[in-house]
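Me: I am new to this one. Please show me how to read its features, step by step.

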Amino acid sequence: MNATPSRINPPRLVRGDTIGLFAPSGPVRDQEAFAAGLGLLADMGFKVRHGNDIMRATGYLAGDDRRRAEEFHELWADPEVKALLAVRGGYGSIRLLPALDLDLIRQNPKIMAGFSDISVLLNVISGRTGLVTFHGPNLSSLARVDAPSMTRFFATLTHREPPALRPVGLEILRSGQARGKLLGGNLASLVHLLGTPHETSWDDCLLFLEDVGEATYRLDRMLTQLHQAGRLQHIAGLILGGFKDCGDPELIWQRVLELLGPLDIPMWANFPVGHAASNHMLPLGLEAEMDSATGMLRFLGTACL
């Protein structure tokens with residue numbers, strides 16, 4: 001694993017800025033959700049830019065690896081594009097990692113947002129360049145999130161400091177207070193970085209995890225793999241988000257307590273991040289603080305310039 005780079009903050013957005021849309025994973029399946037997302041960005045005062053072939057499909061991918069990487073780099077190099085928003089998740093981001101132009105990204109810091117399979121790009125880019133990236137709704141899920149998530153989406157993109165989060169219904173599995181760099185995302189996507197040259201350190205971080213449509217035993221297997229690989233023993237705190245359509249969430253929480261019980265760290269569950277309607281945008285690579293006494297996640301510093 002490489003040394004931790006210095007933090008890079010992207011410029012915040014203002015109304016009238018252009019957001020570039022990219023499809024690094026699966027193809028657009030729901031054109032109504034795509035159109036609804038475009039409408040919401042327009043309502044927020046943003047313009048959008050995307051390739052004429054944004055609806056392309058090659059089986060379960062949004063085009064071949066070359067085209068998906070090319071699209072990403074074209075948008076990043078475009079001076080009129082101030083942010084990049086993923087169209088949807090699925091699978092495919094990990095296939096683009098060897099082609100990433102990290103120098104281009106470092107030299108032209110921009111907001112990059114998405115979630116699910118996009119967690120791979122968010123974590124690797126943040127870990128390798130120091131750029132703060134943003135875990136939050138993709139374009140095609142934007143119209144399905146609840147009002148607080150929508151409000152936070154706009155506020156996080158347009159302000160320097162992300163607002164603190166004090167979620168309703170938060171479950172405190174293990175109390176305590178901790179500080180660290182916020183990292184994480186989709187469990188099934190991130191576990192496949194193990195053993196690759198793109199794996200980044202989670203030491204002393206606040207790690208959040210979420211997933212969708214996975215059987216409980218498969219989640220157990222992934223968590224156990226991370227633990228046996230030594231990836232969970234040195235985190236500063238753990239936040240479990242939504243596990244939509246994954247069975248009884250308390251079974252997942254119980255397994256986490258079994259694995260991490262010996263660690264004296266705060267552990268939270270039922271945090272509003274993931275594939276359900278509550279999907280609050282979070283800045284990856286920014287220092288944060290978990291305070292179990294108040295149930296609040298505070299961000300320490302600025303995410304954007």
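Me: Is Asp245 buried or exposed?
Reply: This is a predicted model. Asp245 is exposed, because its relative accessible area is 61% and the cut-off for exposed is over 50%.

Me: Where does Asp245 lie?
Reply: Asp245 sits in the loop between β9 (237-244) and α9 (249-260).

Me: What is there to read in the phi of Asp245?
Reply: Start with the general idea. Most residues other than glycine have a negative phi. Now the case here. The phi of Asp245 is near 55 degrees, a positive value, and the residue is not a glycine.

Me: Which phi value does Asn270 have?
Reply: Asn270 has a phi of about 65 degrees. That is positive, although Asn270 is not a glycine.

Me: Where is Asn270 found, and what is its relative accessible area?
Reply: Asn270 is in the loop between β10 (267-269) and β11 (282-284). Its relative accessible area is 38%, so Asn270 counts as partly exposed.

Me: Now the wider view. Which domains does the assignment give?
Reply: The domain assignment gives domain 1 (18-158) and domain 2 (171-299). Their C-alpha centres lie 23 Å apart.

Me: How many residues of domain 1 are in contact with domain 2?
Reply: 31 residues of domain 1 are in contact with 27 residues of domain 2.

Me: What area do domain 1 and domain 2 bury between them?
Reply: The general idea comes before the number. The size of an interface is often given as the accessible area lost when the parts come together. Here domain 1 and domain 2 bury about 2300 Å² between them. Carbon and sulfur atoms carry 59% of that area.

Me: Which residues of domain 1 lose the most area to domain 2?
Reply: Asn123, His135 and Arg152 do. Together they give 28% of what the domain 1 side buries.

Me: How many salt bridges and how many pairs in polar contact does the rule find across the interface?
Reply: The rule finds zero salt bridges between domain 1 and domain 2. For polar contact, the rule finds 10 residue pairs across this interface, both residues at pLDDT 80 or more.

Me: Which elements of domain 1 supply at least two residues of the side that touches domain 2?
Reply: α5 (119-129), β5 (133-135) and α6 (147-158) each do. The largest share, eight residues, comes from α5.

Me: What is that side of domain 1 made of, by class?
Reply: The side of domain 1 that touches domain 2 has 16 nonpolar, 10 polar and five charged residues.

Terms used:
Residues numbered from 1 in each chain as written. Predicted model: local features only at pLDDT ≥ 70, side-chain atom pairs only at ≥ 80, totals over all residues. Heavy atoms only, no water. Domains from an automatic or database assignment. Contact = heavy atoms within 4.5 Å. Buried area = accessible area lost by both parts, 1.4 Å probe. Salt bridge = Lys/Arg side-chain N within 4 Å of Asp/Glu carboxyl O. Polar contact = N/O pair within 3.5 Å; in protein donor to acceptor, adjacent residues only side chain to side chain. Helix = DSSP H or I, 4+ residues; strand = E, 2+ residues; numbered from the N terminus. Nonpolar A, V, L, I, M, F, W, Y, C, P; charged D, E, K, R; others polar. Buried < 20%, exposed > 50% of the residue type's maximum accessible area, 1.4 Å probe, protein only.
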